[in-house]
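Hi everyone, thanks for coming. Please have a look at the sequence and structure on the screen, and then I'll walk you through a few parts.

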Amino acid sequence: MFSWQAMAMLKTAAKALKQLQRKEVVNLRDGRTVWIRPIQAADALPIAGTFHLLHEDEIRRRFLHPVKALSDDYLMRLTQPDPETDFVVIAAEPFEPGAALVGAVARLSSDDNGGRAEFGILVSHFVSGQGLGKILMRRLIEWCKHKQIRHLWGDVLNDNHAMLKLAESLGFVRESRHTTPGITRIVLTI
Ligand SMILES: CC(C)(COP(=O)(O)OP(=O)(O)OC[C@H]1O[C@@H](n2cnc3c(N)ncnc32)[C@H](O)[C@@H]1OP(=O)(O)O)[C@@H](O)C(=O)NCCC(=O)NCCS
């Protein structure tokens, strides 16, 4: 039997989930409007179709190695994330999923025991330098708070000053005991 207290807790959890899944309208400095929203399966086609428009360098910074195209398997996992462990938020044109081009993607994946999550982010050069990186990273941090994930981490190329600066402004620190040549591991304690 439901108690009033249990009902109230369910209501609060549903409200928090709705907040995480909200669509946010953002007006960019260059006059364009984008929607910040969780990814949907229908976003797979526009993402795959425009991948070749990205610069080699931004792909290498995101994946830490060159990538020519996104595999079907990768696209499926990206656009249909497991709601228990993964979260993907995007900045897209203000149209329905499938019709909208996607300008930026931020993703996190939590580990098996749920205490830590790894992030990856790519804000394409079409919309970079307008605050989207910060907005998307904040949405990932919000999700971690909701799921009680204590550590959000990512691997960043040592010369990726934009990401290192962005992360620093959000409170990330460099993890000194992680030593892969050319890569800095950054971590935020939440
Ligand atoms: C790094 C990246 C996510 C930044 O996204 P963005 O939307 O351009 O960043 P924002 O506009 O939100 O900038 C936020 C802060 O980051 C820093 N920053 C962003 N671009 C910068 C640049 N080119 N040089 C130095 N600092 C920069 C600044 O501190 C900036 O704050 P400010 O605008 O108040 O100065 C984006 O350039 C990108 O996706 N790069 C390729 C992929 C990648 O590097 N991924 C990270 C590893 S997973």
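Let's begin at the ligand: 23 residues surround the ligand, and the closest are Arg 61, Ser 128, Gly 133, Ala 162 and Leu 166. Here, a residue counts as near if its C-beta atom, placed from the backbone, lies within 6 Å of the molecule. This is a predicted model, where local features need pLDDT of at least 70 and side-chain atom pairs count only at pLDDT 80 or more, while totals for chains, interfaces and linings use all residues. Residues are numbered from 1 along each chain as its sequence is written.

Which elements give two or more residues to this shell? They are α3 (56-63), β5 (116-123), α5 (132-146), β6 (151-157) and α6 (161-169). Helices (H or I, at least four residues) and strands (E, at least two) are DSSP runs, numbered from the N terminus. With 6 residues, α6 gives the most.

Now to the largest nonpolar core, which has 36 residues. Such a core is a set of buried Ala, Val, Leu, Ile, Met, Phe, Trp, Tyr and Cys residues joined through C-beta atoms within 7 Å. Buried means 20 or more other C-beta atoms within 10 Å of a residue's own, with C-beta atoms placed from the backbone. Among the members that touch the most others are Ala 104, Leu 136 and Leu 140. The largest share of this core, 7 residues, comes from α5.

Buried residues of α5 include Leu 136, Arg 139 and Trp 143. Just after α5, Gln 148 takes a positive phi of about 55°.

Terms used
Buried ≥ 20, exposed ≤ 12 C-beta atoms within 10 Å, placed from the backbone.
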